[in-house]
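Have the model open while you read.

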Amino acid sequence: MPPPNIWRDIAADLRRRVEEGEWAVGDRIDSMRSLMTQYEVESSTTISRAIQLLANEGVLMTDPHAPRRGVRVRARQRFLRPIDQQLAAPVDHATGRTFEEFSFLAEGDLDLEIAYAHEEPGELAELLGDEPLLRRTYRYLIHGTPHQVVRSWMPDRIAAAAGLRSPDDEVVGRFTESWLVAAGVTPHHVSLTLESRLPTEDEADDLAMPRALPIMVRRRTLYDPDGQAVEMNISRVVADQIMYQADFDLRMPDAETA
């Protein structure tokens, strides 16, 4: 009979095998039955406890959106994002740098899932007006691991004027600001907030992440010249996959240019 804490030893060995590269990031690990044979245990519960421990550590993952893909090695690459990039996207260009380009990812490393839904404003009525909204959802996966989920809301009439009717209308690298310009709306200013907190159960499922890890929540709202919000988006990123950076010029302007 195996010792009662054999699952901890199995977890340690699985961690070692991941660190030594037996399975690459995104790879599916061996089946439950195979692992039971390898570690000479008769109960699948023993293997499940070991896998759950590594899932809680962020080493392994299962994705509720793709359950048939099984238990896989989770990507833990950390990306640096300049905060000013989130504030000032170009409004006069139809396309900009793609997610792969500013993340230095190779072709095939990134998967992007896009979904559209039409909904009533509800709690967003005070911000975006009491009219139907288009909700766009972007789910970014790097090496099969969810990296961030972004949800954007804008009035249906603006989205229709911009030509956003289905995910097929999306253009890789095109910023929301240029879509607004196409709809005849002039982006005037933007508000940005960043918050770190633990995820809700739904957020953890969206990001296929352990509940013990925090997420970074970025809320960004675009306004027109009249001060009316015309688009709002919320981005949720697993905190161990992101770093934000900002640089500011502290020099005082010269008297002649003040």
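Take the contacts in the protein chain with a separation of 6 or more: 61% of them involve residues 24 or more positions apart. Contact here means heavy atoms within 4.5 Å.

A word on ground rules: this is a predicted model, where local features need pLDDT of at least 70 and side-chain atom pairs count only at pLDDT 80 or more, while totals for chains, interfaces and linings use all residues. Numbering starts from 1 along each chain as its sequence is written, and side-chain values use heavy atoms, with hydrogens and water left out.

## The chain as a whole

The protein chain has nine helices and ten strands; these are DSSP runs numbered from the N terminus, with helices being H or I of at least four residues and strands being E of at least two. Its C-alpha trace spans about 80 × 45 × 35 Å along the principal axes.

Of the 258 residues, 45% count as buried, meaning under 20% relative accessible area, with exposed being over 50% and partly exposed in between (1.4 Å probe, protein chains only).

## A six-stranded sheet

Six strands form an open sheet in the order E4-E5-E6-E9-E8-E7, with antiparallel pairing. Strand E4 (110–119) and strand E7 (189–197) each have a single partner strand, so one side of each is left without a neighbour in the sheet. From one strand to the next, the twist averages 15°, using axes that are lines fitted to C-alpha atoms and angles from 0 to 180 degrees between N-to-C directions. Two strands pair if DSSP finds at least two bridges between them.

## Strand E9 and its partners

Look at E9 next: ten of its ten residues are buried, so E9 is largely enclosed by the rest of the structure. Strand E8 (residues 215–223) pairs with strand E9 (residues 229–238) in the antiparallel sense over nine bridges. Here arginine 218 sits opposite serine 235, and threonine 221 faces methionine 232. Five residues lie between the strands of this hairpin, where glycine 227 takes a positive phi near 85°.

Strand E6 (residues 145–155) also pairs with E9, again antiparallel, over six bridges. Serine 152 has asparagine 233 in E9 as its bridge partner.

## Loop residues worth a look

Two non-glycine residues have a positive phi. Glutamate 40 has one of about 55° and lies in the loop between helix H2 (32–38) and helix H3 (44–57); at 71% relative accessibility, it counts as exposed. Alanine 208 has a phi of about 45° and sits in the loop between helix H9 (201–206) and E8, but at 7% relative accessibility it counts as buried.

Arginine 69 belongs to the loop between strand E1 (60–61) and strand E2 (72–73) and, at 39% relative accessibility, counts as partly exposed. Leaving aside neighbours within four places in sequence, arginine 69 contacts Gly26, Arg28 and Gly144.
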